[in-house]
Amino acid sequence: MNGSRELKKILFCGLESGGKTSILLLLDKKFSLLPTVKPTIKVKRTFYTNSLLGTSIVRWDLGGQKNYRKIYLGDKSKYFTEMQSIFYVIDIQAPEKFEESLIFLKDIKSIISDSHPDNFQFLILLHKYDPDIKENENIKNQVNYLENEISPIIQDVRFSIFKTSIYDEPSLLKAFSDGVFYATHKSKMFESLLKDYMGKTYNSSTLLLDQNCFIIASRTTNKDYQKICEAIAPRLTQALEKLEEWDINTIDIVTNVEFPEKQSKFQKEGIIFLRKLDIGDTRLYLVALCLNKKVKIKSYEYLPLLANNLKNLLESFD
Ligand SMILES: Nc1nc2c(ncn2[C@@H]2O[C@H](COP(=O)(O)OP(=O)(O)OP(=O)(O)O)[C@@H](O)[C@H]2O)c(=O)[nH]1
Ligand SMILES: [Mg+2]
């Protein structure tokens, strides 16, 4: 169906010790292996399948040591063809390696310039952006420096820059979801259901997540609202799953919030909620941000319709 069953190739590149293998372990929830991670010898291929979107990918984790980098650049037809996206990982805590890392990025960019598939994208991960150093002035300067240097290198290809850390799981879930599901046929179909739901409820941001908290689809009226939802969604699902461990059937998690309003001393009262949607054997989560009580009521009122539309869509995939 629309090529959605094909095996897509995704590359993880960057210098040695940047954190590529750790990122993959975290995405696979292999937490216990994180402390024992070793430098990758040449290339390690692993598979990931998302049954909801019918997406199967093979992830090439390219060990970043200098001698390996030479091999990859020397055999571009083996390594740098037919990939859907490249995750390029830069260790934000190692400024002494920035120049070398930018050179490797340039080398890769020049290789792929004339031969990449439609919808190809670069995902640049400014990695090891750990929660405890975010406010550090040096780190802020380093992020600015890299953002300024990277854009001109890859400007004629679709790209996004993320700040990620293995200690901030949502940051990696977001980057991976963007790299893997962007513009897929099925993801667009889910998005059109969210669009319809938002049109009826007037809520400001909605996300649809799969059981593992990968973002399957999203719609928003405002980028910041989307970022807020993305940052808290995995934490809300964790709370819900914890309650389920006690056999407490938890339908939703609701947070009442007051949004600051620009040019006014009043706050907008709103809610962000996470709703569990079990459709047959498939677990989905909806996160929605509503800016007032009316919208909240409507968002709940239209949930059965949304669930029904999702059910019909999932059945149409079978
Ligand atoms: N502080 C911090 N350390 C990290 C993070 N991610 C990975 N690391 C550490 O960075 C080191 C290198 O991680 P790897 O995952 O082996 O790096 P790699 O990019 O796969 O390295 P090569 O396989 O040699 O290319 C390990 O000690 C990890 O624990 C992060 O987000 N924050
Ligand atoms: Mg590795």
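The shell around ligand 1 is made up of twelve polar, five nonpolar and four charged residues, where Ala, Val, Leu, Ile, Met, Phe, Trp, Tyr, Cys and Pro count as nonpolar, Asp, Glu, Lys and Arg as charged, and the others, Gly among them, as polar. This is a predicted model, in which local features need pLDDT of at least 70 and side-chain atom pairs count only at pLDDT 80 or more, while totals for chains, interfaces and linings use all residues. Residues are numbered from 1 along each chain as its sequence is written, with chains lettered from A and ligands numbered from 1 in the order in which they are written.

**Ligand 1**
- Gly19, Thr21, Ser22, Thr40 and Gly64 come nearest among the 21 residues around ligand 1 (C-beta atom, placed from the backbone, within 6 Å of the molecule).
- Helix 1 (residues 20-27) gives the largest share of this shell, three residues (helices are DSSP runs of H or I, at least four residues, numbered from the N terminus).

**Domains**
- The protein is divided into domain 1 (7-181) and domain 2 (185-317), with bounds from an automatic or database domain assignment.
- The centres of the two domains, taken over C-alpha atoms, are 29 Å apart.
- Eleven residues of domain 1 are in contact with 13 residues of domain 2 (C-beta atoms, placed from the backbone, within 7 Å).
- On the side of domain 1 that touches domain 2, helix 6 (residues 169-181) supplies the largest share, seven residues.
- That side of domain 1 divides into six nonpolar, three polar and two charged residues.

**Contacts of Ile216**
- Leaving aside neighbours within four places in sequence, Ile216 is in contact with Leu52, Leu53, Phe181, Ser187, Phe190, Leu208, Leu209 and Asp210.

Technical notes. Contact = placed C-beta atoms within 7 Å. Helix = DSSP H or I, 4+ residues; strand = E, 2+ residues; numbered from the N terminus.
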